[in-house]
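Open the model in your viewer and keep the selection panel at hand. The stops below go residue by residue, then out to the cores and a pocket.

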Amino acid sequence: ERFPVTARSPVVLLSTMNHPISHQGVQGSPAPKNAFQKPPSDLTILVHRVDLFDSGYNEENRPPPQNATQGNLAKLCQPIQGFSFKNPAEGESSERKTVSSIRIPAQTHPSPVSQRMSSVPLVDKAPNPFGPSVEKYWHQRRRLFSRFDNGIQLDEEGWFSVTPEQIADHVALRVYELIVTTIPPPFPGAMLPPMVILDAFCGCGGNSIALAKQPNIIVYAVDVDRSKLRKAAHNAAIYQIPQEKIVFIECNALFILEHCFYGGNYILDQPIETPEKATALMNSMPAPVPSETCAGYTIGGIDTLPRGIDAVFMDPPWGGTDYEVFGKHGYDLKRNMKIRRPTNNSAPEGDLGDDFFDSFAAQPRSKRERMSQFNNKVDETNCVNGAELLALAAAATARHWVIYDVPRNTNQTGMAEAALAAGYRGNCKLEEHYLNGRLKTVTAYFGTDWTGLLNAAVSRCHANGSMP
């Protein structure tokens with residue numbers, strides 16, 4: 001039986017037979033009786049494994065073949081809804097929403113980024129001058145930044161939180177591909193205007209630098225800590241990023257997402273709708289900060305923000321280095337991630353501010369102790385959780401493009417529920433980044449339709465004979 005397709009609720013029907021697929025349904029012969037056992041979920045997470053390799057790769061850590069199981073093949077044939085967005089402010093029916101996930105059969109061919117990085121000697125046993133807390137990161141320093149030996153600067157937190165360069169470059173390439181495949185030029189051969197991306201938690205600059213390497217992208221890199229911004233600017237100069245492609249902003253990211261942008265437009269200079277919103281704005285308004293030039297790049301305050309943003313990239317603080325204490329799928333964005341709201345009494349320059357990793361010292365021995373102490377220094381009455389953060393970012397941009405780095409043990413059901421609450425419907429993509437066969441990071445992509453990824457997987461399964 002086929003499910004109806006309407007303009008209000010587009011459904012992608014995937015056939016168990018080898019027929020062309022489209023958003024209007026399956027072309028050709030009808031699907032076998034009872035092939036579809038249930039209606040499509042309100043939101044489906046498409047989980048996609050990406051294998052990356054560098055000079056540390058050897059045959060011993062070759063990833064095993066990712067053969068699709070019969071259960072997963074059956075999931076590939078389930079109908080999913082095309083992407084849509086419903087503004088949460090418009091209200092929602094009380095009907096319970098459903099979520100699901102489908103794992104895309106992996107492809108293990110090296111990416112262009114892998115081919116470039118395969119010749120860089122990334123790991124060595126040189127003496128570590130920074131102390132035992134960063135020992136394992138020191139030996140992989142060129143994996144974090146391939147130009148580390150040129151003078152890269154990191155603070156203690158940066159060693160733990162920066163994204164390895166190859167993964168950051170891969171995500172940046174995905175963002176660029178998203179832009180060029182989604183936005184048509186005004187006429188053939190025309191150049192699109194530069195896309196403006198807000199990196200909400202830039203730290204020492206790893207992801208901002210990777211995004212700025214891509215053509216036609218301008219990055220506004222935000223952090224509450226000016227010392228981090230100076231390091232990020234210094235690092236950008238080492239990678240010879242043009243100075244007009246990155247602007248650094250000292251501010252709490254939540255203030256920018258809540259009060260500075262809505263629907264992609266700058267709104268801080270617009271009339272305030274209600275007295276309550278005016279009070280909230282005044283209570284969180286940051287103090288003016290001086291502007292400076294560091295390594296040729298501008299570092300300023302909210303007066304340096306652009307008049308609009310196209311996408312938000314977020315790699316927020318997860319609550320500490322001990323997040324894996326919650327188990328393989330136990331990290332909950334709503335319960336475990338807590339981002340401190342800005343106030344007029346925010347931490348002074350140099351404090352960790354909203355990058356509140358508790359400690360990089362040895363953790364308590366007991367698992368129960370570690371769980372109870374995780375993120376326990378944050379005021380529960382004055383913070384935003386990871387689900388609320390996604391909603392703020394979704395509302396801030398016109399196309400609702402949000403690229404969200406989350407812990408690799410993030411609970412997918414909780415993430416899907418957070419996406420539904422933010423207004424996302426249909427589908428999103430969760431990329432698992434494996435480096436030399438080991439899972440390193442996970443990135444969620446919200447705001448566009450990923451059914452083409454699923455259709456391509458079905459076509460490959462037909463071609464290799466795993467699906468009749």
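Select C294. This cysteine is buried, with a relative accessible area of 15%; buried means under 20% relative accessible area, exposed over 50%, partly exposed in between (1.4 Å probe, protein chains only). You are looking at a predicted model, where local features need pLDDT of at least 70 and side-chain atom pairs count only at pLDDT 80 or more, while totals for chains, interfaces and linings use all residues. Residues are numbered from 1 along each chain as its sequence is written, and side-chain values use heavy atoms, with hydrogens and water left out.

Stay with the cysteines. A search of the whole structure finds zero disulfides, a disulfide being a pair of cysteine sulfur atoms within 2.5 Å. Pick C260, which is in no disulfide; the nearest cysteine sulfur, that of C251, is 6.2 Å away. C260 counts as buried, at 0% relative accessibility.

Next, H400. Find this histidine in the loop between α13 and β18 (401-406); helices (H or I, at least four residues) and strands (E, at least two) are DSSP runs, numbered from the N terminus. H400 is buried, at 18% relative accessible area. Show its contacts (heavy atoms within 4.5 Å). Beyond neighbours within four places in sequence, H400 touches F85, A394, Y424, F446 and G447.

Now the interior. A nonpolar core is a set of buried Ala, Val, Leu, Ile, Met, Phe, Trp, Tyr and Cys residues joined through side-chain atoms within 4.5 Å. The largest has 60 residues; select F145, L154, W159, I241, I246 and F248, those with the most contacts inside it. Then colour helix α6 (residues 165-182), which gives this core its largest share, seven residues. A second, separate core of 58 residues includes V196, Y266, A394 and L420.

Last stop: the second largest pocket. Its volume is about 740 Å³. Here a pocket is an open set of points on a 1 Å grid over the protein atoms alone, where a 1.4 Å probe fits, with protein on both sides within 12 Å along at least five of seven lines; lining residues have an atom within 4 Å of a point. The volume is the space filled by probe spheres set on the points, which are joined across faces, edges and corners. Select E258, F261, Y262, I267 and K277: of the 28 lining residues, these are the closest to the pocket's centre. Which helix supplies the largest share of the lining? Colour α13: five lining residues come from there.
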